[in-house]
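Here are a few quick notes from going through the model. Have it open alongside while you read.

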Amino acid sequence: MLGNHRAYATIPASDIDRAKRWYEEKLAFKPSVEEDFGSIYQTADGTFFLLYPTEHAGKAPNTLMSLTSADIDADVAALKQKGVTFLDFDEGDLKTVDSIAAIGDFRGAWFRDSEGNILSIGDPPPT
């Protein structure tokens with residue numbers, strides 16, 4: 001029923017102004033639409049995400065949004081230069097080396113935004 005619908009990430013922000021500054025300064029995103037309910041950010045290939053104000057930001061223990069990368073090593077290095085701190089893992093098959101984990105053929109890295117939400121960057125998923 002919904003298999004042919006587009007999907008988008010919704011990311012909570014306890015301090016929307018701080019979050020908007022972080023997404024612009026660290027990830028180079030600028031809102032394309034700003035409404036009372038939040039800010040919409042365009043990403044590649046017609047995709048987007050919503051950053052919205054709520055007191056519940058940073059409470060999810062899982063990844064809220066993943067960004068694809070053609071060169072994860074370069075992107076991780078560039079994000080570190082901007083002050084982004086990456087999460088390190090050493091749990092079962094999930095082990096990071098220089099902030100990047102290899103899971104089969106997939107490589108990824110995880111970090112938190114200004115609100116404590118977990119984001120990731122990695123190889124595009126197989127389609």
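1. Start with S39: leaving out residues up to four places away in sequence, this serine touches K20, P31, V33, E34, F49, L50 and L51. Bear in mind that this is a predicted model. S39 sits in strand 3, which covers residues 38–42. Its relative accessibility comes to 3%, and because the cut-off for buried is under 20%, S39 counts as buried.

2. Next up, K26, a residue of helix 1 (residues 16–27). This lysine is buried but has no salt bridge. The nearest side chain of opposite charge belongs to E25, and that is 5.3 Å away. So what does lie by the polar end of K26? A polar atom of its side chain is 2.6 Å from the backbone oxygen of K82. Again setting aside residues up to four places away in sequence, K26 touches L79, K82, G83 and V84.

3. Two of those partners lead on to helix 2. That helix spans residues 72–81, with I72, V76 and L79 buried. Viewed down the axis of helix 2, its buried residues fall within an arc of 65°, so they line one face of the helix. As a reminder, an α-helix has 3.6 residues a turn, so residues three or four places apart point the same way.

4. What do the buried residues of helix 2 pack against? The list is helix 1, strand 8 (100–103), strand 9 (106–112) and strand 10 (118–122).

Technical notes:
Residues are numbered from 1 along each chain as its sequence is written. This is a predicted model: local features need pLDDT of at least 70, side-chain atom pairs count only at pLDDT 80 or more; totals for chains, interfaces and linings use all residues. Side-chain values use heavy atoms; hydrogens and water are left out. Helices (H or I, at least four residues) and strands (E, at least two) are DSSP runs, numbered from the N terminus. Buried means under 20% relative accessible area, exposed over 50%, partly exposed in between (1.4 Å probe, protein chains only). Lys and Arg count as positive and Asp and Glu as negative; His and the chain ends are not counted. A salt bridge is a side-chain nitrogen of Lys or Arg within 4 Å of a carboxyl oxygen of Asp or Glu. A polar contact is a pair of N or O atoms within 3.5 Å; within protein, one must be able to donate a hydrogen and the other to accept it, and residues adjacent in sequence count only if both atoms are side-chain atoms. Contact means heavy atoms within 4.5 Å. The arc is that of the directions from the helix axis to the C-beta atoms.
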